[in-house]
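Let's take a walk through this protein together. Have a look at the fold as a whole, and then we'll zoom in on a few spots.

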Amino acid sequence: MKRTLSVLVEDEAGVLTRIAGLFARRSFNIESLAVGPAEQVGISRITMVVQGDDHEIEQITKQLYKLINVLKVQDISEVPCVERELMLIKVNANSSNRSEILELVQIFRARVVDVAEDSLIIEVVGDPGKMVAIVQVLQRFGIREISRTGKVALTRESGVNTEFLKALEARV
């Protein structure tokens with residue numbers, strides 16, 4: 001099962017290396033990783049997606065807390081969250097298919113950030129499902145390159161679970 005961990009760390013050199021080393025020693029693969037400054041100066045937030053069951057995640061959490069610069073570890077997989085990723089995708093685009101690609105870009109609420117004679121670079125922001133969907137749709141035009149950030153996530157203070165609401169809406 002994929003799990004999303006939010007880890008607050010002191011912003012010091014080598015913290016990410018120690019965390020990555022911990023995962024490597026335990027033979028865990030980090031599927032997605034995003035690191036950046038948090039709300040407080042000197043603190044960074046690491047959002048990572050890892051594969052593991054409850055027991056494995058509990059063990060990894062305990063190991064993370066043993067690292068000196070780790071302040072807080074939270075498994076936010078089952079908590080209502082806002083999750084986003086950013087993807088840049090370069091796709092083949094010629095005069096015969098460019099308008100069709102531009103229509104798809106609008107449908108996905110993405111935007112074109114570079115136009116060349118034979119390609120477009122499209123910026124997509126959204127949940128991981130949106131990333132998969134747009135890649136599938138654009139595949140038939142020929143994808144040249146993809147660059148994708150890791151997932152970033154924050155828990156919802158409102159407690160609103162949008163996944164629950166989507167499931168409810170789909171039944172109607």
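Helices (H or I, at least four residues) and strands (E, at least two) are DSSP runs, numbered from the N terminus. What you're looking at is a predicted model, where local features need pLDDT of at least 70 and side-chain atom pairs count only at pLDDT 80 or more, while totals for chains, interfaces and linings use all residues. Residues are numbered from 1 along each chain as its sequence is written, and side-chain values use heavy atoms, with hydrogens and water left out.

Now the overall picture. The protein has five helices and nine strands, and from the N terminus on they run β-α-β-β-α-β-β-α-β-β-α-β-β-α. Its C-alpha trace spans about 60 × 45 × 30 Å along the principal axes. Of the 172 residues, 35% count as buried. Take contact to mean heavy atoms within 4.5 Å; among contacts between residues at least 6 apart in sequence, 72% join residues at least 24 apart.

The UniProt record (an unreviewed entry) places the feature "domain: ACT" at residues 4-78. Such positions are given in the numbering used here, with feature names shortened, and the annotations may be inferred rather than shown by experiment. Over residues 4-78 the chain is 32% helix and 40% strand, with the end C-alpha atoms 9 Å apart.

Next, find helix α3, residues 98-107. Which of its residues are buried? They are Arg 98, Ile 101, Leu 104 and Val 105. These four cover an arc of only 120° around the axis, which puts them on the same side of α3; the arc is that of the directions from the helix axis to the C-beta atoms. Their cover includes β5 (81-92), β6 (111-115), β7 (119-126) and α4 (128-138).

Keep going past α3 and you reach Arg 109, in the loop between α3 and β6. Most residues other than glycine have a negative phi. Arg 109, though, has a positive phi, near 55°, and is exposed at 75% relative accessibility. Ser 27 also has a positive phi, near 60°. Ser 27 sits in the loop between α1 (15-25) and β2 (30-37), and is exposed too, with a relative accessible area of 67%.

Over on the surface, Leu 86, Leu 88, Val 113 and Val 125 form a nonpolar patch with about 280 Å² of accessible area together. Patches are made of residues with over 30% relative accessible area and no salt bridge, with like charges joined within 9 Å and nonpolar side chains (Val, Leu, Ile, Met, Phe, Trp, Tyr) within 5 Å. A salt bridge here is a side-chain nitrogen of Lys or Arg within 4 Å of a carboxyl oxygen of Asp or Glu. The areas come from the Shrake-Rupley method with a 1.4 Å probe, and for residues only the protein chains shown count as cover. Val 125 lies in strand β7 and, at 43% relative accessibility, counts as partly exposed.

Last stop: Leu 154, in strand β9 (residues 152-155). Leaving out residues up to four places away in sequence, Leu 154 touches Arg 45, Cys 81 and Val 82. Leu 154 and Arg 84 are 70 residues apart in sequence and 9.3 Å apart in space, C-alpha to C-alpha.

Key
Buried < 20%, exposed > 50% of the residue type's maximum accessible area, 1.4 Å probe, protein only.
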